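Subject: Structure handover

Hello,

Here is the structure for you to look over. Please open it first, then read the notes below it.

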Amino acid sequence: MSRLLCLAVALCCTLEARAGTLPSFLSACSASDPNLSRCVEKVIAVGGGKFAKGIPELGIASLDPVHLGRVVVDNPALKLTFDDTVVTGLGDFIVNSFKIDTEKGKATLDFTANVTLKANYDMDGQVLILPIRGNGQAKIKITNLNIVIKYDYKTVDGYWTVTGYEDSYNMDRAQFKFTNLFNGNKELASTINRVINDNWEPVIRDIAPVAFQTIISACVNEAKKLFAAVPADRLLLP
């Protein structure tokens with residue numbers, strides 16, 4: 001066997017061994033622990049930031065930054081496309097609470113983070129009944145984005161499988177910056193940027209549903225990969 005082939009086999013064996021192992025920065029709680037929810041909450045608080053950086057050997061992609069690609073907002077008043085969308089800040093989240101019911105196969109994660117979305121944008125339509133159009137760089141800063149994910153799971157062939165989830169979110173503040181509005185008209189751009197930042201709540205309601213659903217979907221998908229890679233009895237001890 002050639003040296004290159006030996007290295008390839010060794011690498012495959014290493015990845016296979018790791019695939020069934022809980023990452024070192026995450027510890028398993030016991031299902032018999034009367035304070036199980038609190039135990040898991042502490043595990044997420046300690047190791048969640050590292051999980052958000054991604055675990056390549058388990059096929060888990062980064063959530064900080066998380067690359068969302070194209071995000072399209074299409075409603076009757078506003079057409080807005082984000083390209084090369086990148087969101088940062090999820091790795092510094094704070095766990096507000098975690099609850100799990102192992103008998104019913106239900107769990108709820110409540111967390112908060114300050115996040116920033118950057119993208120190339122192309123926009124045309126109205127916000128706050130005012131015309132807006134342009135294309136350039138977009139930056140949206142969200143202060144205290146609170147996300148609650150309620151999910152159902154079951155054990156299939158020894159692994160947890162998420163069978164469905166519901167989510168909700170709110171925030172304390174959103175700040176917008178769009179470059180090159182109105183083909184570079186600085187006076188109009190300054191006015192519209194001021195108006196949308198002074199009235200951020202109705203503006204974010206137009207933009208948020210698609211953008212935040214994409215962010216939450218990314219979080220759930222990476223968690224699913226962890227459940228698919230590590231057996232249920234290693235994620236949660238007897």
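Which elements do the buried residues of helix 3 pack against? They pack against strand 5, strand 6 (130-156), strand 8 (173-178) and helix 4 (200-229). Bear in mind that this is a predicted model.

**Helix 3**

The buried residues in question are Ala189, Ile192, Asn193, Val195, Ile196 and Asn197. An α-helix has 3.6 residues a turn, so residues three or four places apart point the same way. Keep that in mind when you view the helix.

Helix 3 covers residues 186-198, which makes 13 residues.

**Disulfide**

The structure holds one disulfide. Cys29 and Cys39 form it, with their sulfur atoms 2.1 Å apart. The link between Cys29 and Cys39 is left-handed, with -90° about the S-S bond. What does the pair tie together? A disulfide is a covalent bond between the sulfur atoms of two cysteines.

Cys29 is buried, at 4% relative accessible area. Cys39 is partly exposed, at 21%; the cut-off for buried is under 20%. Cys219 also counts as buried, with 13% relative accessibility.

**Strands**

Strand 3 (residues 78-88) is paired with strand 2 (residues 66-74) and with strand 5 (residues 106-127).

- Strands 2 and 3 run antiparallel and are joined by seven bridges. A hairpin of three residues connects strand 2 to strand 3. For a point to look at, Val66 has Val87 of strand 3 as its bridge partner.
- Strands 3 and 5 also run antiparallel, with nine bridges between them. Here, Thr88 has Thr116 of strand 5 as its bridge partner.

Strand 5 is also one of the elements that the buried residues of helix 3 pack against. When you turn to the side chains of the strands, recall that in a regular strand they alternate between the two faces of the sheet.

Best wishes

Conventions
Residues are numbered from 1 along each chain as its sequence is written. This is a predicted model: local features need pLDDT of at least 70, side-chain atom pairs count only at pLDDT 80 or more; totals for chains, interfaces and linings use all residues. Side-chain values use heavy atoms; hydrogens and water are left out. A disulfide is a pair of cysteine sulfur atoms within 2.5 Å. Buried means under 20% relative accessible area, exposed over 50%, partly exposed in between (1.4 Å probe, protein chains only). Two strands pair if DSSP finds at least two bridges between them. Helices (H or I, at least four residues) and strands (E, at least two) are DSSP runs, numbered from the N terminus. The expected span of a helix is 1.5 Å times one less than its number of residues. Contact means heavy atoms within 4.5 Å.
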